[in-house]
Amino acid sequence: MSGLRAAGVLGASVALAGGLAYLIWNYASSSGEEKPETRPEKDGKSARKEGEGDEEERREEEQTVVAVEEAPVVAAEAPKASEVKTSKPVESAGTQVLVLGLDGAGKTSLLHCLATGCLEQDMEPTQGFNAVSINREDLHIEFLEIGGKEELRPYWQRYMSKALLLVFVVDSSNPQLFPVAKKHLHELLAFDPHLPLMVLANKQDLPGACSITDLHDAMSLSEVGDRRLYLISTYVKKGETELSSGVQDAWDLIIQMVCDSR
């Protein structure tokens, strides 16, 4: 409390000194003279005693000295304001869960399941951008999915700076596309060496789907650098009322990471 009173007194002193400096300057400017001592008011009042004039001049000199002495206090406060500004970029850090992958990997169906809890109908592949906001109790998560067609892939890297987490979906039943998926994934990771990565080995329910161990090797996930890495096998089926265990695990991890980033 004493610190607050001291800060209040200091603020009042600065404000008073600034006001006095302004009054003295304004008074001198209106008189048309360069020095406050040659004000017309002193010469115009012949009835004023000499002693009173000297006393007034001494008071003005003291006031002027106070204004000069307090000025450095105002300047000393400036670094605090700049320190607050430098902390703002932390608040503007990534807030989106960025969902990417080649076309046909199952990104849209996975997002629909996370948002609604089930897949009621077959989903059409995303042709552009698909933004999904999920609000549950006090939790708010923003997902951004970008289509995986070749003409849309150049846009992927533009949204990396806004990402809190990169979710990369791979069709584990189509190993012929693993080299292409690997190439694009590692190009993305080069833009941010620390962004957490979640790889979803999707469509595990289809015949011929590779295991997560084989996908780990095929995607060279041991070379993703110093970052948090999650590799989860997932699938979604139309008509199922509950999330598969893999999708549920992915959802729980996303919630945890969003909460930790607050």
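Of the 262 residues in the protein, 34% are buried, meaning under 20% relative accessible area with a 1.4 Å probe and protein chains only, while exposed means over 50% and partly exposed lies in between. This is a predicted model, where local features need pLDDT of at least 70 and side-chain atom pairs count only at pLDDT 80 or more, while totals for chains, interfaces and linings use all residues. Residues are numbered from 1 along each chain as its sequence is written, and side-chain values use heavy atoms, with hydrogens and water left out.

Eight helices and six strands make up the secondary structure (DSSP runs numbered from the N terminus: helices are H or I of at least four residues, strands E of at least two). Along the sequence they follow the pattern α-α-α-α-β-α-β-β-β-α-β-α-β-α.

Now to the packing. The largest nonpolar core has 28 residues; such a core is a set of buried Ala, Val, Leu, Ile, Met, Phe, Trp, Tyr and Cys residues joined through side-chain atoms within 4.5 Å. Val 97, Ile 141, Phe 143, Val 167, Met 198, Leu 200 and Ile 254 touch the most other members. Among the elements that each supply at least two residues are β1 (96–100), β3 (139–146) and α8 (245–260), with α8 giving the largest share, six residues. A second, separate core of 25 residues includes Leu 98, Val 170, Leu 185 and Leu 221.

Next come the cavities (on a 1 Å grid over the protein atoms alone, sets of points where a 1.4 Å probe fits but cannot get out; lining residues have an atom within 4 Å of a point). Two of them reach 30 Å³ or more, where a volume is the space filled by probe spheres set on the points, joined across faces, edges and corners.

| Cavity | Volume |
|---|---|
| Largest | about 110 Å³ |

Of the 14 residues lining the largest cavity, Leu 110, Leu 114, Val 167, Leu 200 and Ile 254 are the closest to its centre. The largest share of this lining, four residues, comes from α5.

The lining of the second largest cavity includes Cys 113, Gly 117 and Leu 243. Leu 243 sits in the loop between β6 and α8.

Key
On a 1 Å grid over the protein atoms alone, a cavity is a set of points where a 1.4 Å probe fits but cannot get out, and a pocket is an open set with protein on both sides within 12 Å along at least five of seven lines; lining residues have an atom within 4 Å of a point.
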